[in-house]
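Here are my notes on this model for you to read beside the structure. Please take the points in order.

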Amino acid sequence: MRKYGILVRVYTPKPEEVPDRVERALGHARHILEVMNEFPAMKRAIFLVPSDHDCKETLLALRTRFAHEAISISKITVLSFPGHHSCEVLNRGLTELSYDTSHALIVSGKMISYLTRAALLSIDQAFERGAKVVGVAADELRDIVLAGRIQNTFAGWDIAALLDEHAFDSKGGVEEVAPLIRLARRFGRCIAPIDIDGGVLDVHASETAIARHKKVMATKIARQTAECERLDSSFEFIQSAIM
């Protein structure tokens, strides 16, 4: 039986943004707990604070706020790890989840509204059919995800398969590309994009978040192309592995 865990990253380099980040994360935690009640196979969530990218205040503030609001630590934990936010930190989160769950959902706060029982049923069905990675196609990411280039903005991964293929090792902010290629080489057609409506891409209104989002989107294709070349592969190979 598949058991799911969720990874959500929370951080800011600016101390003045911490209170707002924490309140936003609290809203995400409450939403996750509601969905857990509707989808019992989802067992736990980890809020990850990448210490090398943070102002060093988010971890304590987040833990304090969650404790004050009596957020269940058996269902939601807050951890901090060093390293790149899209590589080492995610890999540590995956390892933590691997102790008691089989599949990881990596979800950005800006796509939390897409985390619903209906979406999770679709994701679970894809894994039932043999997928090793499932990506939610939505908003401005739809075309990229439907072409097989799954995004950790909202993606589900078979934890054992991902860790066996070296997990995430790119520091270019396109960490998904290398494991997609490696999984496709090993398993063939194992990539499942799913198109889901009903949510809203909610980019945080802070100056830091908006600037980061614009920079990421403006250079995404070029960085993905470079990562394919690093793996001696191509977008076409990734697309050929769509189920």
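**Notes on the predicted model**

1. S51 is buried, because its relative accessible area is 18% and the cut-off for buried is under 20%. Keep in mind that this is a predicted model. S51 sits in the loop between β2 and α2. Leaving out residues up to four places away in sequence, S51 touches K56, S80, F81 and P82.

2. Now the sheet. Seven strands form an open sheet with mixed pairing, in the order β3-β2-β1-β4-β6-β5-β7. Its edge strands are β3 (76–81) and β7 (191–195), and each pairs on one side only. On average, neighbouring strands are turned by 20° against each other, direction ignored.

3. Look at one strand pair. β1 (residues 4–9) and β2 (residues 42–50) run parallel and are joined by six bridges. In this pair, G5 stands opposite R44 in β2.

4. Next, the helices on the strands. Helix α2 (residues 58–68) lies across β2 and β3, at about 170° to β3. Helix α4 (residues 117–128) lies across β1, β2, β4, β5, β6 and β7, and runs at about 145° to β5.

5. Which residues of helix α3 (residues 88–98) are buried? They are V89, L90, N91, G93, L94 and L97. Their cover includes β1, β2, β3, β4 and α6.

6. The largest nonpolar core has 81 residues. Those with the most contacts inside it are I32, M42, F47, F66, L105 and I123. Helix α1 (residues 18–38) gives the largest share of this core, nine residues. Follow I123 as an example: not counting residues up to four places away in sequence, I123 touches Y4, L105, V134, V136, F154 and I194.

7. Turn to charge. Side chains of opposite charge can pair when their charged atoms come close. The count comes to 14 salt bridges. One of them joins R65 to E69, with the closest N and O atoms 2.5 Å apart. R65 is partly exposed, at 23% relative accessible area, and E69 is partly exposed too, at 28%. E23, R30, R65 and E69 are linked in a network of salt bridges.

8. R230 deserves a separate look. R230 meets D169 in a salt bridge, at 3.1 Å from N to O. This pair links distant parts of the chain: D169 lies in the loop between α6 and α7, and R230 lies in helix α8 (residues 207–230), 61 residues apart. R230 also forms a salt bridge with E227, the closest N and O atoms being 2.7 Å apart. R230 and E227 are three residues apart in helix α8, so about one helical turn separates them.

9. Compare the accessibility of these partners. E227 is buried, at 6%. D169 is partly exposed, at 31%, and R230 is partly exposed, at 44%.

Conventions
Residues are numbered from 1 along each chain as its sequence is written. This is a predicted model: local features need pLDDT of at least 70, side-chain atom pairs count only at pLDDT 80 or more; totals for chains, interfaces and linings use all residues. Side-chain values use heavy atoms; hydrogens and water are left out. Two strands pair if DSSP finds at least two bridges between them. Helices (H or I, at least four residues) and strands (E, at least two) are DSSP runs, numbered from the N terminus. Axes are lines fitted to C-alpha atoms, for helices over the stretch in contact, and angles run from 0 to 180 degrees between N-to-C directions. Contact means heavy atoms within 4.5 Å. Buried means under 20% relative accessible area, exposed over 50%, partly exposed in between (1.4 Å probe, protein chains only). A nonpolar core is a set of buried Ala, Val, Leu, Ile, Met, Phe, Trp, Tyr and Cys residues joined through side-chain atoms within 4.5 Å. A salt bridge is a side-chain nitrogen of Lys or Arg within 4 Å of a carboxyl oxygen of Asp or Glu.
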